[in-house]
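Biologist: I'd like to learn how to read a model like this one, feature by feature. Could you walk me through it?

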Amino acid sequence: MAKTVVFVHSYCLLGSGAGGGFKLTAMASEAMKTGVEIMKKLGASDIIVSAAYDTWQDEFRLQKKYALEQDVEGEQIHVIAEAKNSYDEAKRAIAETITLEADKLVVVAEKWHVSRSLKIFETIRPEGLGVEVIPFKTPWFEIALEPSSIKSLRAGWKTTWVLWNKLFEFLTPLIMRVSK
């Protein structure tokens with residue numbers, strides 16, 4: 001019988017961690033909501049979430065809290081810690097999918113991230129592993145807490161988010177060749 005796993009990209013945090021703490025960006029919240037819905041709809045065995053940078057523990061805590069509130073069992077939730085970029089996420093999500101002995105990986109990606117995400121996963125997936133990317137639409141854009149100013153700003157406005165993803169979609173084949 002086929003075993004399916006769902007993967008949710010990291011779409012980062014808002015906040016400083018001090019006083020008010022952190023919260024998921026609107027994009028990250030919608031990604032988790034979509035990921036859990038897809039997991040339940042498909043009867044997927046597990047969900048893999050990516051949590052980025054040095055704030056990964058805070059991001060994962062919020063992602064896991066949401067999943068648990070939606071009746072996902074704790075042992076079904078897996079994390080890719082300290083993700084650096086979409087390429088890093090994809091390599092590690094595929095490795096975790098193989099560890100979980102699944103033969104299909106359903107990737108949840110924001111609609112402007114879908115083409116680039118699919119290119120990355122299709123390039124590195126092993127023979128026999130099915131990959132499908134399911135889009136979601138972010139309710140709004142906001143400046144995220146990321147280690148570089150340019151990465152923080154890219155998700156702040158639709159225009160910068162679209163341009164970033166189109167640029168890196170174009171560059172993905174080159175990046176993937178160089179990073180092998």
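Modeller: Helices are DSSP runs of H or I with at least four residues, strands are runs of E with at least two, and both are numbered from the N terminus. H1 has 17 residues and spans 24 Å from its first C-alpha to its last, close to the 24 Å expected at 1.5 Å a residue. That expected span is 1.5 Å times one less than the number of residues. One caution before we go on: this is a predicted model, so local features need pLDDT of at least 70 and side-chain atom pairs count only at pLDDT 80 or more, while totals for chains, interfaces and linings use all residues. Residues are numbered from 1 along each chain as its sequence is written, and side-chain values use heavy atoms, with hydrogens and water left out.

Biologist: Which residues of H1 are buried?

Modeller: Buried means under 20% relative accessible area, exposed means over 50%, and partly exposed is in between (1.4 Å probe, protein chains only). In H1 the buried residues include Ala 26, Met 27, Ala 28, Ala 31 and Met 32. Further along, Thr 34, Gly 35, Val 36, Ile 38 and Met 39 are buried too. After the helix comes Gly 43, with a positive phi near 70 degrees.

Biologist: Let's zoom in on Met 32. What does Met 32 touch?

Modeller: Contact means heavy atoms within 4.5 Å. Leaving out residues up to four places away in sequence, Met 32 touches Val 8, Leu 24, Val 49, Gln 63, Tyr 66 and Ala 67. Met 32 counts as buried because its relative accessible area is 1%.

Biologist: How do I read a nonpolar core, and which residues touch the most other members here?

Modeller: A nonpolar core is a set of buried Ala, Val, Leu, Ile, Met, Phe, Trp, Tyr and Cys residues joined through side-chain atoms within 4.5 Å. The largest one here has 49 residues, and Val 6, Phe 7, Val 8, Tyr 11, Ile 47 and Phe 121 touch the most other members. Helix H1 gives the most to this core, with seven residues. Tyr 11 has contacts with, among others, Met 27, Ala 31, Val 108, Phe 136 and Trp 161.

Biologist: Phe 121 came up there. What covers the buried residues of H4?

Modeller: In helix H4 (residues 114–124), the buried residues are Val 114, Arg 116, Ser 117, Ile 120 and Phe 121. Their cover includes strands E1 (4–8), E6 (104–110) and E7 (130–136), along with helices H3 and H6.

Biologist: How many salt bridges does a search of the whole structure find?

Modeller: A salt bridge needs a side-chain nitrogen of Lys or Arg within 4 Å of a carboxyl oxygen of Asp or Glu. The search finds seven. One of them joins Asp 58 to Arg 61, at 3.5 Å from N to O. These two sit three residues apart in helix H2 (residues 56–69), about one turn of the helix. Asp 58 is partly exposed because its relative accessibility is 24%, and Arg 61 is partly exposed with 44%.

Biologist: And how far apart are N and O in the bridge between Asp 88 and Arg 92?

Modeller: That one is 3.1 Å, N to O. Both residues lie in helix H3 (residues 86–99), four residues apart, about one turn of the helix. Asp 88 is buried, at 18% relative accessible area, whereas Arg 92 is partly exposed at 30%. Asp 88 also touches Glu 82 and Ala 83, not counting residues up to four places away in sequence.

Biologist: Last topic, backbone angles. Where is Cys 12 found?

Modeller: Cys 12 is in the loop between E1 and strand E2 (13–15). It has a positive phi of about 70 degrees although it is not a glycine, and it counts as buried at 4% relative accessibility. Glu 101 also has a positive phi, about 60 degrees, without being a glycine. Glu 101 lies in the loop between H3 and E6 and is exposed, at 67% relative accessibility.
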